[in-house]
Amino acid sequence: MNPVPLFFRLQTKQAMLMEPVRTDVLTVTPWLAPIVWEGTFDPQVIDEAFRSYNLTIATTVFAVGKYTCFLRDFLESAEKHFMVGLNVQYYVFTDMPSHVPISVTLGVGRRLNVVKVPKFDRWQEISLRRMELIQTAIEEYIHQRANYIFCLDVDMIFHGRVGPEALGKLVAAIHPWFYWVPRSQYPYERRTISKAYIPQDHGDFYYQANIFGGAVEDVHRLTKTCREHLEMDKSAGVEAVWQEESHLNWYLLKNKPTKLLSPEYVWDDLRGQGAKEIKLVRFSSVIKNKAEVRENP
Ligand code: U5P
């Protein structure tokens with residue numbers, strides 16, 4: 001008897017067109033980009049689909065000043081939950097390379113790279129310079145080494161799977177504090193003098209800058225544009241209300257993300273548990289004493 005081909009050995013649940021898996025939340029945007037929620041994808045199918053591509057995901061994370069204290073938990077939890085089974089190149093941008101916990105055990109195909117950056121005087125400065133530093137890193141080496149890139153905050157912990165279901169050309173995550181409010185209440189930049197300006201009656205979602213990513217060339221375009229806009233604002237003597245996040249939101253309004261991550265992918269521990277639409281917290285901001293960890297709070 002001939003053996004069953006590998007392709008047919010994977011038993012998956014049949015998708016039923018008349019039986020939507022989530023009826024409590026929006027799972028597709030008006031421009032037909034999927035919004036990833038627990039229940040909307042089958043991890044087995046996704047893993048199988050991506051297995052043969054041998055993808056490399058560059059992952060940037062900034063840990064400047066006292067924020068190096070978040071690195072160990074970030075990395076250890078990422079090794080358990082982030083893009084497991086894929087090649088991951090971490091790029092840790094820090095002013096204190098000796099504080100990077102290089103003893104964290106990494107899985108096969110995963111590597112930690114340390115990039116030295118200057119110490120910044122104000123915490124806002126980091127948010128203002130991140131786009132520029134990521135743009136330069138993509139141009140200098142990441143473009144040759146990776147297919148996709150994710151840019152993550154460091155004061156975060158992975159609690160659940162963040163796998164290839166999160167990959168796409170341009171990927172952004174919906175902020176956990178603003179997904180039920182009218183867009184007029186989003187904390188977009190509202191001053192016309194800033195390049196991040198968005199009028200009251202415009203906007204899709206409010207995205208959080210703690211996690212964004214996509215194909216390397218798409219993220220390059222994003223970081224380059226945001227950097228240029230941040231510099232134009234600086235020349236005009238203006239700083240957008242939420243620094244790079246304001247510019248990111250402007251960019252994503254003009255350049256629609258091809259995949260959106262639900263707030264499961266960027267939860268805030270301050271919101272606690274109990275939001276019934278959140279079936280699984282995958283990645284969340286830890287509660288921190290800002291006055292203690294930030295430079296010149
Ligand atoms: N950050 C630092 N050092 C600082 C402030 C911020 O490395 O002193 C980086 C971290 O990656 C942090 C991100 O996760 O900027 C966003 O900062 P915050 O808004 O969470 O303070």
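E245 is buried, because 23 other C-beta atoms lie within 10 Å; a residue counts as buried if 20 or more other C-beta atoms lie within 10 Å of its own, as exposed if 12 or fewer do, and as partly exposed in between, with C-beta atoms placed from the backbone. The structure is a predicted model, in which local features need pLDDT of at least 70 and side-chain atom pairs count only at pLDDT 80 or more, while totals for chains, interfaces and linings use all residues. Residues are numbered from 1 along each chain as its sequence is written.

E245 is found in helix α6; helices (H or I, at least four residues) and strands (E, at least two) are DSSP runs numbered from the N terminus. Leaving aside neighbours within four places in sequence, E245 is in contact with Q208 and A209, where contact is defined by C-beta atoms, placed from the backbone, that lie within 7 Å. An unreviewed UniProt entry places the feature "active site" at E245. For "binding site", the unreviewed entry lists H175, E245 and D268. UniProt positions are given in the numbering used here, feature names are shortened, and annotations may be inferred rather than shown by experiment.

D268 is found in strand β10 (residues 267-268). D268 counts as partly exposed because it has 18 C-beta neighbours inside 10 Å. Not counting residues up to four places away in sequence, D268 touches P176, W177, S284 and S285. Strand β10 is joined by two bridges to strand β11 (residues 283-285), and the two run parallel. The bridge partner of W267 in β11 is S284. Three strands form an open sheet of mixed pairing in the order β6-β11-β10. Its edge strands are β6 (156-158) and β10, each of which pairs on one side only. Two strands are taken to pair if DSSP finds at least two bridges between them.

A second open sheet, also described by mixed pairing, has eight strands in the order β1-β9-β7-β8-β5-β2-β3-β4. The edge strands here are β1 (35-36) and β4 (110-116), each pairing on one side only. Seven bridges join strand β3 (residues 87-94) to β4, and these strands run parallel. Y90 stands opposite L112 in β4.

Helix α5 (residues 216-235) has 20 residues and reaches 28 Å from its first C-alpha to its last, close to the 28 Å expected at 1.5 Å a residue; the expected span is 1.5 Å times one less than the number of residues. Buried residues in α5 are V216, V219, L222, T223, C226, R227, H229, L230 and D233. Their cover includes α4 (123-145), β5 (148-152), β8 (207-215) and α6 (243-254). Just after α5, G237 takes a positive phi of about 75°.

Twelve residues surround the ligand, and the closest are F62, V64, Y67, D153 and V154; a residue is near a molecule if its C-beta atom, placed from the backbone, lies within 6 Å of it. The shell around the ligand divides into seven nonpolar, one polar and four charged residues. Ala, Val, Leu, Ile, Met, Phe, Trp, Tyr, Cys and Pro count as nonpolar, Asp, Glu, Lys and Arg as charged, and the others, Gly among them, as polar.

Conventions
Two residues are in contact if their C-beta atoms, placed from the backbone, lie within 7 Å.
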